[in-house]
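Good morning, everyone, and thank you for making the time.

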Amino acid sequence: MLQISVLRDQTELVLAGLAKKHYATGPADVAAILDLDQRRRSLQTSHDQAKTEGNEMARLIGPLLKKQNSAAIPALDGSLSPMEGISLASYQRQATEAKERVKTALLDLAQVEKEQQQLLYKLPNLPHASVPQGRAAQDNEVVREHGTKPTLGPDAQPHWELIKKYDIIDFELGNKITGAGFPVYKNQGARLQRALINFFLDEARNAGYTEIQPPILVNEASGYGTGQLPDKEGQMYHDAKDDLYLIPTAEVPLTNIYRDEIIAPDKLPVRMAGHTPCFRREAGSWGADVRGLNRLHQFDKVEIVQITEPDQSYGALEAMLAHVEGLLQQLNLPYRVLRLCGGDMGFTAALTYDLEVWSAAQGRWLEVSSVSNFETYQANRLKCRYRADGGKTQLLHTLNGSALALPRIVAALLENNQTSTGIDLPQVLHSYCGFERIG
RNA sequence: AGAGAGGUGGCAGAGUGGUCGAAUGCGACGGUUUCGAAAACCGUUAUACCGGCAACGGUAUCGGGGGUUCGAAUCCCCCCUUCUCUACCA
């Protein structure tokens with residue numbers, strides 16, 4: 001979430017950013033938050049004062065009570081003088097009264113903090129200056145296009161036909177065991193999956209990312225840490241019995257490794273890569289977009305995450321983008337890079353590049369990766385900080401990107417490389433697969 | 001899942017309801033000493049919020065949340081978690 005100090009000190013900037021993201025209730029929300037902030041601070045002050053008074057009284061009462069109690073022991077005879085007796089009674093009265101004030105201040109404070117928190121959670125991240133204006137997908141900026149689209153024969157088939165033809169992915173079977181959107185990978189289809197995962201992980205490791213195998217169920221705090229909660233609650237599968245969420249992306253467990261951490265500067269930047277299954281409820285999605293492998297409830301993905309010092313994060317973002325492009329180039333897939341416009345960007349991102357591969361038989365671009373810089377938006381929730389040369393602790397920047405998501409890569413590989421007798425896989429996968437063609 | 005024992009500062013490890021943010025040791029940092037280093041000695045060594053330009057002052061935090069009390073690391077309740085034994089299991 002946004003830092004309250006930024007809202008206070010750079011209100012105009014915040015409002016402009018929210019407008020660029022097409023966040024409609026920005027001005028009202030910001031005004032409400034600042035108003036609550038005023039009240040919060042004054043309540044905090046009166047709480048502190050009442051508490052100070054209570055503490056002082058307690059300090060005065062202690063010795064007097066002790067002396068009074070020792071009166072029972074003749075040798076000590078610590079009876080209080082009349083003056084002391086009066087003081088004691090007065091201290092006790094004051095202490096009780098201060099206690100009441102603390103109590104009410106605390107109740108009000110909790111209420112105000114809760115309201116402020118809820119409003120802050122609603123605010124999306126502010127877009128980076130280079131983010132194009134725009135409301136939706138058609139306003140995204142095409143940064144570059146790479147590779148040549150293959151020309152397919154007249155009998156070319158979309159991947160949902162090809163997978164049947166070669167019996168490598170079975171949707172009906174998944175439907176039987178689980179439900180729609182949970183395909184079963186078989187034979188060369190299963191081996192191709194495993195090959196791609198290994199290829200992606202090896203490439204990530206070679207690029208300096210530490211390989212991590214995180215849990216794929218996370219608790220509520222982790223969901224809040226990376227911003228899936230509270231606003232995207234319905235998109236995650238939730239195990240109510242244990243109050244755990246199936247991860248929609250490895251970003252969640254990986255980034256949360258550093259929740260509530262102050263990272264030593266010599267450990268920066270943090271670079272992590274992990275392969276996990278990802279689960280998305282995608283409630284309400286339907287239509288031609290979701291055929292075949294285009295949209296699934298469960299899929300595999302290799303994710304890369306970086307945590308950097310603030311002035312390093314945009315360099316890291318470009319490096320991550322270059323890494324993902326390298327993967328696509330090695331897979332020999334035509335792709336394009338988009339810089340998302342303000343209205344199409346994710347809630348938590350400051351700048352996002354989407355990478356799309358050309359799906360030849362479908363004749364459309366498929367998003368296979370999204371590489372984002374969140375700046376301090378996640379770090380603020382995560383309390384992920386570092387100490388800059390002996391100074392104060394400071395929030396870090398978090399970034400992540402898919403490198404890569406499997407199903408759409410598979411779809412493009414199948415469609416783009418099909419021949420009438422089989423599918424020729426790109427060279428780089430031959431040794432990983434143990435075969436060169438499907439069929 | 002059942003029984004028992006624990007969870008204290010970067011780590012180790014004390015702690016009686018009453019100046020306990022918390023002894024002590026280690027580690028780290030700064031200094032003295034040294035040609036340099038080691039050793040020794042001295043000092044510093046959490047996070048967050050509020051007020052203040054700042055110096056600084058206040059408040060909270062001893063797994064988490066409630067409660068008792070003028071006052072809780074210390075007493076009571078609930079939850080989480082670690083270890084040991086038993087049961088079960090890949």
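**Aromatic rings and overall shape**

I would like to start with a single residue of this predicted model, namely Phe200, which has a relative accessibility of 0% and therefore counts as buried, since the cut-off for that word is under 20%. Phe199 has a relative accessibility of 1%, so Phe199 counts as buried as well.

How are the rings of Phe199 and Phe200 placed, in terms of their centres and their planes? Their centres are 5.5 Å apart and their planes stand at 40°, so this pair is described as tilted. For Trp358 and Trp365, the centres are 5.1 Å apart and the planes are at 70°, which is over the 60 degrees required, so that pair is called edge-to-face. Both Trp358 and Trp365 are buried. Phe199 and Phe200 also belong to a cluster, linked by ring pairs, that includes Tyr432, and the count of aromatic pairs comes to six.

Let me now turn to the chain as a whole. Chain A has 13 helices and 18 strands, and its radius of gyration is 29 Å, well over the 22 Å that the globule rule gives for 439 residues, so the chain is more spread out than a compact globule. Along its principal axes, the C-alpha trace of chain A spans about 110 × 50 × 45 Å.

Buried residues make up 46% of the 439 residues in chain A. Of the contacts in chain A with a separation of 6 or more, 73% are between residues 24 or more positions apart.

Terms used
Residues numbered from 1 in each chain as written. Chains lettered and ligands numbered in written order. Predicted model: local features only at pLDDT ≥ 70, side-chain atom pairs only at ≥ 80, totals over all residues. Heavy atoms only, no water. Helix = DSSP H or I, 4+ residues; strand = E, 2+ residues; numbered from the N terminus. Rg over C-alpha atoms; globule rule 2.2 N^0.38 Å. Buried < 20%, exposed > 50% of the residue type's maximum accessible area, 1.4 Å probe, protein only. Contact = heavy atoms within 4.5 Å. Phe/Tyr/Trp six-rings, centres within 6.5 Å; stacked < 30°, edge-to-face > 60°.
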